[in-house]
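Biologist: Could you take me closely through one part of this model, the open sheet and what packs and links around it?

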Amino acid sequence: MKQKKEIRMEDIAKELNISIVSVSNALRNKKGVSTELRQRVKEMADALGYQIPRALEEERIFCIGIMIAKRYIEEPSSFYMNIYKHIARLISEKNGLTFLAVISEDEEGGKTKRSYYKDAAVDGIIFIGRMSTDFLRGVVGELEVPSVGIDFYDLDVQIDYIIPDHFRGTQHITQQLIDAGHRDIAFLGDPYSGESRMDQYMGYCKALWLNGLREYKGQIIPSKEEAGSEVVLPQPGKLPTAIIISDESYTGSLLRALGNKGLKVPEDVSLAGAGCFCPALLEGLVLTGYQKDEAVLAYGGVDILKERLEGRTGRGAIHTKECCHAEGNTVKRFPESGALTAG
């Protein structure tokens, strides 16, 4: 005997030629649909034999808006899109719905405007990746729902944030380099380009200071904090013995710069990654460092948003998540009696 097909909200939406959001809002008696459409949805649900889940009847289903900048999803291997996939799966498992909004550069910069989730009546917002302060403030102020930012924080916008523990992660990897005998350790990246980068830099500095060392003063940061910017190395004889890479987008340029000087990793210069999520560099090279875990960040974001939606107090907190260590082959260890010194 052929098993009877389970009727879903998608079936009601298809029959009425409307969105799943409208069906959800109608069945939940939420705003976003007219009285007439609400009645039509309920009549169609009865006609098709749709069984309203207990969670839906008890208002425990949530509609979550997800916002991500277009520039992040254009990357060949998008870390943030992977976070989105984890979030969508987690919310679906909780009988929730997600609605993705990809934000253009003009929208983020305020050159063009549109109303987000006007008809969706979202219960909460998750921002994946840093966006401009003005854009964040505008969306949060307009929608007035619990909001969470993932992999960044903005002290000027009071919402919850889930971030990797860049400070302790970079302190730990710097200490590893020191324990391996390195004394000239450079930080590759501009500490003033964002809060996360500054957290990394301060973790690097703390490890050095605790060991009686000082940060490397050579010019080894890109001239611009932009994708594709070239790394400029100091003159021969002034190179550090180890470099901490604050952003994996620099690795290709750094390896080219080292190769142009005839330098090899790790024989001549050791490399360690701070927060890199793609540790493979070249054939035979796997970056030592710590990695951001997309699943951990996604779980953290969904969990804290769920707490806010359930009415648990708290707002504007920065929640750090421990990173996982990646043991590669890009760090040279010196004999105890042969540790290098500056010069």
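Modeller: What follows goes from the sheet to the helices across it and then to salt bridges. The model is predicted, and in it 5 strands form an open sheet in the order 6-7-8-9-11 with mixed pairing. Strand 6 (185-188) and strand 11 (324-326) stand at the edges, and because each has a single partner strand, one side of each is left without a neighbour in the sheet; from one strand to the next the twist averages 20°. Within the sheet, strand 8 (residues 270-274) pairs with strand 9 (residues 288-291) in the parallel sense over 3 bridges, and Ala274 stands opposite Tyr290 in strand 9.

Helix 9 (residues 166-179) lies across strand 6, strand 7 (242-245), strand 8, strand 9 and strand 11, running at about 170° to strand 9, while helix 10 (residues 195-210) lies across strand 6, strand 7, strand 8 and strand 9, at about 175° to strand 6.

Arg130 is partly exposed, with a relative accessible area of 26%, and Glu195 is partly exposed at 24%.

A further salt bridge joins the side chains of Asp151 and Lys292 at 3.0 Å, N to O. Asp151 lies in the loop between strand 4 (147-150) and strand 5 (160-164) and Lys292 in the loop between strand 9 and helix 12 (294-309), so the pair ties together parts that are 141 residues apart in sequence; both Asp151 and Lys292 are buried.

Definitions and conventions
Residues are numbered from 1 along each chain as its sequence is written. This is a predicted model: local features need pLDDT of at least 70, side-chain atom pairs count only at pLDDT 80 or more; totals for chains, interfaces and linings use all residues. Side-chain values use heavy atoms; hydrogens and water are left out. Two strands pair if DSSP finds at least two bridges between them. Helices (H or I, at least four residues) and strands (E, at least two) are DSSP runs, numbered from the N terminus. Axes are lines fitted to C-alpha atoms, for helices over the stretch in contact, and angles run from 0 to 180 degrees between N-to-C directions. Contact means heavy atoms within 4.5 Å. Buried means under 20% relative accessible area, exposed over 50%, partly exposed in between (1.4 Å probe, protein chains only). A salt bridge is a side-chain nitrogen of Lys or Arg within 4 Å of a carboxyl oxygen of Asp or Glu.
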